[in-house]
Amino acid sequence: MVCQSGYDPGGRHLLLFIIILAAWEAGRGQLHYSVPEEAKHGTFVGRIAQDLGLELAELVPRLFRAVCKFRGDLLEVNLQNGILFVNSRIDREELCGWSAECSIHLEVIVDRPLQVFHVDVEVKDINDNSPVFPATQKNLFIAESRPLDSRFPLEGASDADIGDNALLTYRLTPSEYFSLDVPTSNQQVKPLGLVLRKPLDREETPELHLLLTATDGGKPELTGTVQVLITVLDVNDNAPVFDRTLYTVRIFENADNGTTVIRLNASDRDEGANGAISYSFNSLVAHMVIDNFSIDPNTGEIVIRGNLDFEQVNLYKIRVDATDKGHPPMAGHCTVLVRILDKNDNFPEITLTSLSLPVREDAQFGTVIALISVNDLDSGVNGQVTCSLTPHVPFKLVSTFKNYYWLVLDSALDRENVSAYELVVTARDGGSPSLWATASVSVEVADVNDNAPAFAQSEYAVFVKENNPQGCHIFTVSAGDADAQENALVSYSLVERRVGERALSSYVSVHAESGKVYALQPLDHEELELLQFQVSARDAGVPPLGSNVTLQVFVLDENDNAPVLLAPRMGGTGGAVSELVPRLVGAGHVVAKVRAVDPDSGYNAWLSYELQPAASRTRFPFRVGLSTGEISTTRVLDEADSPRHRLLVLVKDHGEPALTATATVLVSLVESGQAPKASSRPSTGAVGPEAALVDVNVYLIIAICVVSSLLVLTLLLYTALWCSAPPTEGGCPAGQPTLVCSSAVGSWSYSQQQRQRLCSGEGPLKMDLMAFSPSLPPDLGSVDVGEQQDLNVDHGLKVSPFKFRTHKFYLWKL
C-alpha cells in the first residue's frame, strides 16, 4: 500500500515564493552560487574574482579575503585563480536543520580602496537521510468491542532532508482488519493512523503483527520501517473522547512560570472506573515539551514550567492522552498547538570590523573608516534595527546592505584642532518600548605636515656691547610648529649673505637645534653698528615647511678709544706746537686751537678741553674753550707777563672711565711790528727768542680765511645734502646733515676712520643725529659764533631720546 506524507500544496507554494524572493535579492548587488551538500573537497563553486570584476593580480596586494560569520572553513578561495571551492564537508542538515532555505553568506573584503561584496552560496539538499520512525516497534491495545472505522493514531516517520527528498509515502503490509489512513497535505496536524475495517475477535486473533514502511521521494529512494504490534483487548469498550481533536493556543514568550496555557476536557461514556479519566502527555512528545510544560492529571490543565523563548522555539506540538481506569484502560487523544508570540526582549548587537585607523587629516571625503554590522534576534518590527552616530562629528554612516553600514569621512579633519574622536554608534530596534545598544569607536587623526614653523615676531632687535667675547651667546630664536612628531621638529639655520666683503657666517652662527645665536668674533661698534640678517626655521616634514625671522643686532659702543689730536701741526700726544702772540692784543684774542676726534660715539665721543694745571696759577692770561679747544687770552697782556708760556691742554671724553690725550702749546710773546716766523718744530724744551719772532698778521689773515672758508663750505654742504633726493635702496649712503647747536660744555667729534655703519644690505642708510643741551655752568657764559661753527657732526649714530645725568639728548631720524 503506497501513500504520500502530509505535505500540503500551500507549503510548496510558500517554498517557491521564498526561492523567488531570494533570487530577487541576489540580483540586487550580491553574487549567488549553489553547491550540493556532501560535495568533496575542492569541488568548484564559482569564479568569484571574475564575477566581482577583480583582477587576479590584485587579490594578494589588496588583501582579498572571504569571511563567513559562522563556520569559515567550509569554503575557500584560491588566490591564484580566483575560484571559490569546497574546503570541508558541508552537511545541510547540520548547517540549517529543517529550514527550507540553506545558504552560506560570505563577506568578501578587499582593501586599498576598501570594498565589500556579499556572496550567498546555496547548499542544495541530496537524499542522504532515510525516513526514521520514533521507535522500532509500536504497541497498540485495541478492545475487541471497538466499532468499525475506528481510527488509531500512529507516529509518522521523519526525514532530515527537505523538498522531494523528504516527501514521504507510507505502505502497510496487507491486512484484512486494518487499513492505513494518511492525511492530505493540508491536514498535517492530523496524525497517521490505522482504521479498523473488520471487527476484532480476541478469542480468534489475540495479536496482529503489521509492518509499516515509509519511503521518501528521493532518487534513489530510501525507506524506514516500524513493527506494529496490535493486542486485542476485551471488556472496556468506550474510550475517553475530547470535545476537539486540535487546540491552538497563543502565548507570549517569557511568560511567568505557573501560567495556565489551556484546560482540556475529555468525556467517557462508561461508568465507574471505566469512566474515570487521567490526563497525561503522550509518551512520544519531545523532551522540550516536558521541560517547559506540565499537565495536571486530574484537571487536564497545562501550565508553563520553564522559560519560553521565541528565538529558540516558536511552536510546540503537544499530544495529550486521556486514559480511563478500566481494565484494560482506554485512551482518547488530542493535539495542542502552542504558538509562542515574540516580545522585544533582545538588544541589538553591533559588530565592528576592518578599522582603517588612524585617519590622515588630509583624507578625502568618503574615505571608509570602519565596517559595521548589526543584528537583532527578535522578529518583525522588534528585529528591525536602525543605526545612528554621535552628532556633530565629521563622520557619517552609509547603509550598504541590510543591517550593514560603512563609517565614512564626511567633512575635513584638522589634527591641530581635534586629534582624536570618540564616536558612539547607537543601534535601536523598532519594538515598543524599543531597545538599543551602543559601540564606541576611537578614531585617531594622523598628522600631516600642513603647518610651517612660526616665530612670535617677524623681527627682533638685539643689543650687544662691542668687544664681546668670541663665541658668546647673544640671542635665542624660537619657532613653534602646530604639527606633531617629525613634522614639528624644527631646525634653525642662517640665511647666508654678504656683509660688506665678508660672509655673514664669519660674524654669527646659529645652533640648529636650540636656536641660540652666537657671535663668532668680537664686534666693533666703530666698524659695524648694525648687523641685520635672517634666521630660517625648517621642520622635518616631507616636504619640509619653513619661515624666516629678521634679527637686527645693534652693536653698542663702549669707551675703548682715546681722543686723537687732529691739528695739522700737532705732532700727536705729548708733542708741542709754537705760537707767536703780540703783546698788545686784548682779552679774547684767539692764540691757537686744539683739534681732536674720538672714534667712539655718543657720550664716549663727547670731548672737553681744559688747561693743566689751571688751579695753581693766578692771573693766568690764557684760557681754553671747554668744547671748542680754542686757546684765547683772558686779559690784556702787559710787560709783567712772561715772554714764554708752556700750555698743557688736556683733551678728555665723557666715557666711563674717561680717556684722555694731551697737547702742548708753546706761546711766545713778541713786540708789535716784529715779523712773525711760524715754527712747527716740536719742542721738548724752552723756545729761543728767534723762534718766537713771527709775523702775527700773516697768521691772523690765514686764520680768518680758513674760518670763512669752513663756514661757507659747511653752509653749502648742508644746503646740498638737505635738498638732495632720498638715497636709493641697496647701499649705505650718507644721510642729510642737521644743524646742531652746541654749548661751551661739549662738542661732537667726527671719526676720520673709514667704517661700515648701519649697512644691512637691505635698504637705505638711517641717519640719526644727537644734540646735547646741557645745563651751563654760570661761570662759562655763552659761546660765540666761532665756537658754533667748529662743531663736528658724527653721521650715522642712532640714539633714542633719553636723559643722561643732567643733559638731555634728542634723536632725529633723517
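Helices (H or I, at least four residues) and strands (E, at least two) are DSSP runs, numbered from the N terminus. The structure is a predicted model, in which local features need pLDDT of at least 70 and side-chain atom pairs count only at pLDDT 80 or more, while totals for chains, interfaces and linings use all residues. Residues are numbered from 1 along each chain as its sequence is written, and side-chain values use heavy atoms, with hydrogens and water left out.

**Helix α6**
- Val 706 belongs to helix α6, which spans residues 696–723.
- With 42% relative accessibility, Val 706 counts as partly exposed, a class that lies between buried (under 20% relative accessible area) and exposed (over 50%), using a 1.4 Å probe and protein chains only.

**Strand β22**
- Arg 319 is part of strand β22 (residues 315–324), and its relative accessibility of 16% is why Arg 319 counts as buried.
- The side chains of Arg 319 and Thr 335 are joined by a polar contact of 3.4 Å, the term standing for a pair of N or O atoms within 3.5 Å, where within protein one must be able to donate a hydrogen and the other to accept it, and residues adjacent in sequence count only if both atoms are side-chain atoms.

**The loop between β49 and β50**
- Asp 641 sits in the loop that links β49 (630–633) with β50 (644–652), and Asp 641 is buried at a relative accessible area of 9%.
- The side chain of Asp 641 forms a polar contact of 2.6 Å with the side chain of Arg 635, and a polar atom of the Asp 641 side chain lies 3.1 Å from the backbone nitrogen of Asp 638.
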